[in-house]
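Okay, thanks for having me.

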Amino acid sequence: MVVEDEARLARFLELELTHEGYAVSLAEDGRKGLDKALSGEYNLLLLDVMLPGLNGLEVLRRLRAASDVPVILLTARDAVMDKVSGLDMGASDYVTKPFSIEELLARIRAALRQRDARRPAAPLRCGALELDPARHTASFGGQDLTLTFKEFLLLQTLLENRDIVLTRDALLEKVWGYDYAGETNVVDVYIRYLRQKIDDRFGVKVIHTVRGVGYVIKGGGT
Ligand code: CA
């Protein structure tokens with residue numbers, strides 16, 4: 001969403017951003033911008049600081065009480081204080097007017113990348129198997145699987161690499177770390193634990209052995 005009272009600039013941004021493939025919504029003053037932003041429907045705000053009604057910093061302050069949506073401030077050339085307070089109040093970034101559209105687009109991409117990096121990994125699903133890394137829960141057909149930390153990590157790694165056969169070495173490195181110094185058959189032992197808790201318990205075949213290579217969970221699930 002673009003919150004900008006200068007109609008020409010707002011229109012320009014709408015055209016350019018739409019051209020880049022973003023869906024754009026405009027708000028021409030601070031209060032409308034805040035109301036729309038609080039709806040939670042937007043992925044990112046371009047927020048002018050000098051706005052009628054509520055100014056941009058006040059919009060940001062109120063918004064931050066309820067939302068961590070990325071906000072890029074559009075500030076005037078000499079408004080150093082606005083930039084400092086804006087960042088203090090949780091703006092992701094700012095651009096100084098006049099700005100080039102290329103610079104703005106780069107900052108938008110960076111702000112969206114930052115947001116994605118903060119966001120916990122999405123739940124992984126494969127057939128009846130579901131694993132939620134953020135909540136550290138795993139289930140099969142809605143029934144909880146009680147997994148140890150390493151079992152969970154092993155299952156997560158297999159699910160994240162669905163349809164890719166992972167060697168024992170690759171699994172050792174990803175799950176136990178580069179400098180693991182224990183028994184190399186630990187992978188097979190833990191695969192066996194997972195099979196007891198999933199395959200045996202539910203009478204399915206989730207984890208496949210590729211003889212002489214390693215292990216894989218296949219896309220179709222069970
Ligand atoms: Ca303005």
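Let's begin at the start of helix α2, where a side-chain oxygen of D29 comes to within 3.0 Å of the backbone nitrogen of R31. That's a polar contact, meaning N or O atoms within 3.5 Å, with one able to donate a hydrogen and the other to accept it; neighbours in sequence count only if both atoms are side-chain atoms. Bear in mind that this is a predicted model: local features need pLDDT of at least 70, side-chain atom pairs 80 or more, while totals for chains, interfaces and linings use all residues. Numbering runs from 1 along each chain, and side-chain values use heavy atoms, without hydrogens or water.

Helices here are DSSP runs of H or I, at least four residues, and strands are E runs of at least two, numbered from the N terminus. α2 covers residues 30-38, and G30, G33, L34 and A37 are buried. Buried is under 20% relative accessible area, exposed over 50%, partly exposed in between, with a 1.4 Å probe and protein chains only. Down the axis of α2, those buried residues sit within an arc of 100 degrees, so they line one face; the arc uses directions from the helix axis to the C-beta atoms. After α2 comes G40, with a positive phi near 75 degrees.

Now the metal. D5 (OD), D48 (OD) and M50 (O) coordinate the calcium ion at 2.1 to 2.3 Å. Donors are N, O and S atoms within 2.8 Å of a metal, or 3.2 Å for Na, K and Ca, and with water absent sites may look incomplete. D5 is in the loop between β1 and α1, D48 in strand β3, 43 residues apart. And burial? D5 is partly exposed at 32%, whereas D48 is buried at 2%.
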